[in-house]
Structure formats: C-alpha cells, structure tokens
Amino acid sequence: MAEVYLKEHSSPIKTPKQLIVVVVLCFLVTVLGIVMIVLFVTGGLKIDPKSSTMSEEAVARRLKPVGEVVIGEAGAPVPATAAKSAVAAAGGAVQSAAGPVKSAGGAADGNKTYSAACAMCHAAGVAGAPKAGDKAAWKPRIAQGKDVLYTNAIKGKNLMPPKGGAVSLSDADIKAAVDYLVGQAK
C-alpha cells in the first residue's frame, strides 16, 4: 500500500488577541462600508439654511398662490375682497377660464365666451368641430336654425360635451358664443 501524507490545517490567527482584532476590524469595515454606500446614494446630508433653495425669497416663491384676481383687460392684480366689491359695484362678473364671461353691464359677450370655452376645439377643428369662420362647414348647421344650434351647444352633440365642457357657463353665455360663431361664418 501507498503511504498517504496528510498535511495539517494551519490558520494565520494563532492567538486569542489576533482573533479579537480580526472580528473588530470585520465589524468596523462592514459598518463603514454601509455608511459610505448610504452617503453615496443620498448625496450626503448637506442642508445649508443659507443656500439659495432655502432662502426666504425662494420659499415665498414656492408658496405663492397659483392665480390672482384681475379686473378688466389690462388691470393690475387686486386682492380678492377688493375685486368682489368692485365687480358688485360695476354689476358684472369676473372673467375666469371656465366661469361666466360678462361685460360690466351684465350682457353675455360671445367673443369672450368663445375664447374661454369654445376656441380650443373650434379654432383648430378638433374632433370634427367646425372651424370658426369656415362658411362651408357652418352652412348646413346654420340651415337647421339657431334653436337647434343653441340646443346642441347647451346639451352637447357627438364629441362636444354640454356647454363645451364649461358647465358653469349660463345658457345665455353659450347662446352668445353660438351667435358669435354664426356671425363669423356669414
């Protein structure tokens, strides 16, 4: 039989002191590695109260209201309470994107209503909407009569939603916009 030589297993750690040093170093290296990864991912923990993003002007700009109340065509911003009293004194209503669009006398303004609620589709002919001023497209519609046009505009037809999607508008506002569109097509 052949002789088998077994080599004894040996370790670089020979004393208990060396074992303690290796365990402590493994723990510290792991913790430091995790901290470095966290700092890398989060971009650090630098919050400087004097930075441009934390300045009082920048914070005020971010907290600024989205809209302002404006009276008239080229009016300056006015506080809401002053705007309400001015509108009440004039007997009219404030213009909004989908709200009533009336002149100071209270009569509906077809052009402003068209611009606020109808132009999005009728200016470009979106989804089959007849373009404003297109005599050929409006001729068969005008032939049906204004009552049919009013009803279709107020209740909606095909892809056009009721009142062009501006449901807060009054029937008089919608009729004024229809009259404006019919006037453009004649």
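I began with D171 and K163, whose side chains meet in a salt bridge at 3.2 Å, N to O. D171 is partly exposed, because its relative accessible area is 37%. K163 is buried, because its relative accessible area is 15% and the cut-off for buried is under 20%. I note here that the model is predicted.

I searched the whole structure for salt bridges and got 2. Besides D171 with K163, I found D179 with K146, where the closest N and O atoms are 3.3 Å apart. D179 belongs to helix α7 (residues 171–185) and K146 to helix α6 (residues 146–155), so this pair ties together parts 33 residues apart in sequence. D179 has 31% relative accessibility and counts as partly exposed. K146 is also partly exposed, at 38%.

Next I went to I142, which I located in helix α5 (residues 135–143). Its relative accessibility is 25%, so I142 counts as partly exposed. Which residues does I142 contact, leaving aside neighbours within four places in sequence? I listed L149, V182, A185 and K186.

I turned to helix α1 (residues 16–42) and checked its length. The 27 residues at 1.5 Å a residue should span 39 Å, and the end C-alpha atoms are 40 Å apart, so the two figures agree. After α1 comes G43, with a positive phi near 80°.

I then looked for nonpolar surface. I20, V24, F27, L28, V31, V35 and L39 form a nonpolar patch with about 620 Å² of accessible area together. Several of these positions are three or four apart in number, and I wrote down the general rule: an α-helix has 3.6 residues a turn, so residues three or four places apart point the same way. I20 lies in α1. With a relative accessible area of 56%, I20 is exposed, because the cut-off is over 50%.

Last, I checked confidence. The protein averages a pLDDT of 75, and 75% of the residues score at least 70. Which elements have the lowest and the highest mean pLDDT? Helix α3 (residues 80–90) has the lowest, 43, and helix α1 the highest, 93. Over residues 75–107 the pLDDT stays under 50, and for this stretch I noted 47 contacts beyond four places in sequence in the model.

Note on methods:
Residues numbered from 1 in each chain as written. Heavy atoms only, no water. pLDDT = per-residue confidence, 0-100. Helix = DSSP H or I, 4+ residues; strand = E, 2+ residues; numbered from the N terminus. Contact = heavy atoms within 4.5 Å. Patch = residues over 30% accessible without salt bridge, like charges linked within 9 Å, V, L, I, M, F, W, Y side chains within 5 Å. Areas by Shrake-Rupley, 256 points an atom, 1.4 Å probe, with all protein chains shown as cover. Salt bridge = Lys/Arg side-chain N within 4 Å of Asp/Glu carboxyl O. Buried < 20%, exposed > 50% of the residue type's maximum accessible area, 1.4 Å probe, protein only. Expected span 1.5 Å × (residues − 1).
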